[in-house]
Amino acid sequence: MLSRVANSLYWMSRYIERAENIARILDVNLQLLLDYRSLNDAQMREHWLPIIQTTGDRDAFVARYQSASTEAVAEFMVFASDNQNSLVSSVCQARENARMVRDQIAVETWVELNRLYLFVQSPQARQMWHDSPTDFFNEIKASSLQLIGLSYATHIHNEGWWFSQAGKFIERTDQTSRILDIRHHSLPARGLPQTVSQTDALGWTAIVRSCSAWDAYKSIYGGEVHPRHVAEFLLLNEDFPRSVRFCVGGLNDALRHISGVSEGRFSNDGEKLAGRLLAELQFSTVEEIFEYGLHDYLDQTQIKLNAIGDAMFKAYIFHAFLPGQDGEARVQQEEQQQQTAPQPGRCA
Amino acid sequence: MTLLAKSKPAGSLLADYNANGFFDEMFGRESDVLPHYEKLRGALSRLAAEEFAAKRHAVDIAFLRQGVTFNVYGDSRGAERIFPFDLVPRIIPAKEWELLERGLVQRITALNLFLHDIYHQQQIIKDGVIPAHYILSGKHFRREFVNFEVPKDIYIHVCGTDLIRNEKGEYMVLEDNGRCPSGVSYVLENRRAMKRAFHGMFESIGVQPVDHYPQELLRMLQYIAPPGVAYPRVVLLTPGACNSAYFEHTYLARQMGIEIVEGRDLFVQDEHVFMRTTKGLQPVHVIYRRLDDDFLDPTVFRRDSMLGVPGLIGAYRAGNVSLANSIGTGIADDKVIYYFVPRMIEYYLDQKPIIPNVPTYLASEEADLKYILANLDRLVVKAANESGGYGMLMGPKASSAEIEEFRNRVEADPRNYIAQPMISLSCHPTFVEGGFEGRHIDLRPFILYGEKPVIVPGGLTRVALRKGSLVVNSSQGGGSKDTWVLYGDE
C-alpha cells in the first residue's frame with residue numbers, strides 16, 4: 001500500500017487512542033479529587049501536574065496558567081485547540097488523517113469518527129462537560145471503543161489494518177507507561193517503598209482505574225493496592241490488554257504481519273527493537289525493575305518506543321515525505337481550480 | 001408563513017405556486033403541471049410541509065456526518081459545509097433526455113476532433129473556419145504537444161457541459177468543462193440521499209439509475225491504458241486534502257477501488273511512473289488526474305509546483321503512462337473557442353448543432369466590441385478562462401462602477417472577454433421557508449469518452465437558492481437537486 005496511506009492509518013489510530021486515554025485519566029482523577037478534602041493551591045498542583053505530564057506538557061501548562069484549578073486543567077487537556085495534545089486536538093488530528101485516506105477506511109468508521117469530531121467541537125460538548133464530566137468522558141471512551149470495534153469487526157485485516165494496529169499499540173504502551181509514572185515522586189529512587197500511606201493507596205488505585213484495570217487487578221491481587229503489584233500488573237501482565245507487555249506483544253505482532261517475517265527473526269530495525277523490548281518484558285521481574293528504579297525504567301521504555309516508531313517510519317514511510325511540503329503546497333492545493341460548484345476552501 | 005405551512009399539506013402549497021413569468025420545469029408556461037411531473041406532485045401532496053422539512057433536516061445531518069462537504073474559504077477552523085441540497089427533484093422525460101444525449105455526444109465528438117486537429121494538421125485553421133490567432137493566443141493551448149499522439153486519440157475523457165433553458169424552455173449550452181470537471185460525487189450522493197428519504201417514489205415514478213458512473217469511469221480509464229499492459233494500474237491523482245473537491249476525489253477512488261495518490265506518492269524512473277508503497281515501488285499505467293496541466297510536472301510546466309511529479313511528462317511522452325484528461329484540453333474551455341463550437345460541429349461532422357450555444361459576442365471582433373461596450377448594462381460579460389462564477393459581469397444587476405471597471409478590462413484585453421445576453425434561466429419549485437418557490441436552475445451532465453461516449457442519465461442540477469439570483473455557483477448561494485431521467489415520458 002501507499003506509504004503515505006500507511007502513515008495516516010497509523011496516526012489515525014494513535015490519535016484516537018490518545019483521546020481515549022486523556023478521557024480516562026481525567027475522569028478518574030476528577031473523581032479522585034472528590035475523595036480529598038478541599039485542597040490548597042500547592043496540593044492541586046501536586047495532584048494535576050504529574051497528570052498533565054502524561055502528555056509531556058507540564059511546562060506548557062505552567063507557563064500558561066497561574067493555578068492548577070480543575071477548570072484550567074480541563075480547558076488545557078480537553079478543549080485547548082492550541083495544545084496539540086489536548087483531547088479535542090487529538091480527535092481533530094485523527095479525523096484529519098482519516099480524511100486523507102477516506103477511500104481506505106470503511107464508511108461506518110468514517111461516519112463515527114466524523115460524528116465524534118463534530119461533537120467535540122460543538123457547544124453541546126462543553127455543556128455536557130459542564131453538567132457531567134463523567135458523561136462527557138464516557139461519550140469519548142464509547143466512541144473510541146466503537147471505532148476500535150468497527151475496525152476489528154468490519155475492516156479487512158490487511159496491511160493497512162496492521163499499520164493502524166501498530167499505531168494503536170504503540171500509543172497505548174506509551175500511555176500506560178506514562179500513567180504508571182504519575183506517582184513516581186512518592187517512590188524511592190531505587191527499590192520498593194517501605195510503607196504505603198492512605199493517600200498513596202488512593203493515588204495508586206487511580207492509576208489502575210485510569211487504565212480501566214481495576215476489575216482485572218482485583219481478580220489477581222485482591223483489594224490491596226501496592227505499587228509493587230500495580231507496576232507488575234501494568235508492566236508485565238501477559239493477558240491484560242493495556243499492560244505494557246501485552247501492547248508491545250501486539251505491536252510486535254503487527255510489525256510481523258506487515259513484513260511477513262516470522263518470530264525470532266527481523267528484517268528491519270523496527271522489528272529488531274520491538275522484539276528485543278518484548279523479550280526483555282517477558283524475562284524481567286518487577287523486583288528487578290524496582291531495583292533499577294521504576295521511573296528510570298519507564299523513561300527507558302519510552303525512549304525505546306520512540307526508537308521503534310522512528311525505525312518504522314524509516315523502513316516503510318520515509319521516502320514519501322520529502323522536505324518543504326507544507327505551507328506552499330497547501331496554497332497550491334487550494335489554487336487548483338476544480339471546475340465545479342463548490343469553490344476553493346482552506347484547510348484547518 | 002411557517003404557520004401556514006404547518007396547516008397545509010405540501011401539495012396544496014404548490015397550488016399557490018407562481019413561476020413569475022419564467023419558464024418553469026414543472027409547469028412550463030402554463031399553470032397546469034406537465035405530464036412528467038404529475039406523479040411527483042401526487043406524491044408530494046401526501047406529505048405535509050413539516051414532514052418535508054424533517055426529511056430535509058435528516059439529509060443535511062447525514063451529509064454532514066458522512067463528510068459530503070466542501071471547505072469554506074478563509075475559515076481558520078477549516079469548517080466544512082455541506083453543499084445545500086434541495087429535496088424537490090428535477091425531472092427530465094425520456095424523450096427529452098434522448099435529444100440531450102445526442103446533442104452532448106455530438107458536441108464531445110466535435111470537441112475531440114477539434115483538439116486532435118489543432119494539435120496536428122490544424123486543418124480547421126487552414127480552411128479559415130477559426131482564425132489562427134484565437135488558437136495560438138489561447139492561455140491553455142499547449143504548443144509543446146503539437147504532433148503528440150495521445151492514447152486512442154482521445155483528448156477530453158471526462159467532460160462536464162453546463163446546460164441551461166431559456167424563457168421558452170429551449171436547452172442551450174452555457175459552457176464546456178474539459179479539464180477537471182467536478183461535481184459528479186454530488187450526483188451520486190444526492191441520489192442515495194433521495195432513495196433514503198423517498199424510497200417509495202422511485203418505484204412508482206420510474207427513474208433511470210446513475211450509480212454505475214464509477215464503473216463506467218474505470219472502464220474508460222482502463223481502455224486508454226498504454227498498449228501491451230495486461231493489467232493496467234489506474235490511480236487518481238489529487239492536489240491533496242486541502243483542495244475543495246477532495247471529498248469527490250476520495251469518493252470516486254473508493255467507488256472505483258483504485259488508489260488515490262498525491263504527487264509525492266509518485267516517482268518516475270527511466271520514463272516509467274511508480275508509486276511509493278510500503279513494499280517498494282509499484283508501476284502505474286493510467287492517471288486520472290485532478291490536477292491542472294500547470295502543476296503536473298515541475299520540470300516542464302510550473303517550476304514551483306509541489307503537487308506534481310518530476311519526469312511525469314517524459315513518461316507520458318514516451319507512452320508509458322496515460323493521462324485523463326489529456327494535456328492541452330483547456331483550449332476547448334476557452335470561452336472564445338466556445339463561440340466556434342457550432343462551427344466545429346458543422347465542419348467536422350457536417351451536422352447542425354443539436355443543442356445551440358447561447359448567442360455570444362467576441363470582444364476582439366470590432367463590430368462585436370462596439371456592441372458590447374454600448375450595451376454593457378444589458379449583457380453578461382465573462383473572462384475567457386475563468387470559471388465558478390468569477391471574472392463575470394451581470395450587466396443588468398451591476399452598479400455603474402462595476403460596469404466601468406469591466407469596460408476598462410474589456411478594452412485593455414479584448415481577446416479575453418466575451419459577452420452574452422442575459423438568459424432568464426428556467427425555474428424549478430424549490431423548498432424554502434416552509435413552502436415551494438421558484439428558483440433558477442441549470443444542469444451539468446457528465447460525459448465520459450472511452451471506447452464510445454457514455455453519459456449517465458441526468459447530471460448535477462444546480463439551483464440558485466437566493467431569490468431572483470441567476471448564479472448557481474455554491475460560492476454565491478447555490479445548491480443542488482437530484483436529477484431524475486425517467487424511463488418513460490410521464
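What share of the contacts in chain B with a separation of 6 or more comes from residues 24 or more positions apart? The figure is 69%, with two residues in contact if their C-beta atoms, placed from the backbone, lie within 7 Å.

This is a predicted model: local features need pLDDT of at least 70, side-chain atom pairs count only at pLDDT 80 or more, and totals for chains, interfaces and linings use all residues. Residues are numbered from 1 along each chain as its sequence is written, while chains are lettered from A and ligands numbered from 1 in the order in which they are written.

**View 1. Chain B as a whole.** We get 17 helices and 22 strands here, taken as DSSP runs (helices H or I, at least four residues; strands E, at least two) numbered from the N terminus. The radius of gyration is 23 Å, close to the 23 Å that the globule rule gives for 490 residues, so chain B is as compact as a globular protein of that length. That radius is taken over C-alpha atoms, and the rule is 2.2 Å times the number of residues to the power 0.38. Along the principal axes, the C-alpha atoms fill a box of roughly 70 × 60 × 50 Å.

View 2. Domain 2 of chain B covers 106-160 + 209-349 and domain 3 covers 361-421; the bounds come from an automatic or database domain assignment. Their C-alpha centres sit 31 Å apart. Seven residues from domain 2 of chain B and six residues from domain 3 of chain B make the contact.

View 3. Strands β4 (residues 158-165) and β5 of chain B pair in the antiparallel sense over six bridges; two strands count as paired if DSSP finds at least two bridges between them. Look for Leu163(B), whose bridge partner in β5(B) is Val173(B). Five residues lie between the two strands, and Gly169(B) in the turn has a positive phi of about 85°. Five of the seven residues of β5(B) (residues 171-177) are buried, so this strand is largely enclosed by the rest of the structure. Buried means 20 or more other C-beta atoms within 10 Å of a residue's own, with C-beta atoms placed from the backbone.

**View 4. An open parallel sheet in chain B.** Four strands run in the order β7-β6-β11-β12, with parallel pairing. At the edges are β7 (259-261) and β12 (322-324) of chain B, each pairing on one side only. Between β11 (residues 286-289) and β12 of chain B there are three bridges, and Val286(B) has Ser322(B) as its bridge partner.

Terms used:
Buried ≥ 20, exposed ≤ 12 C-beta atoms within 10 Å, placed from the backbone.
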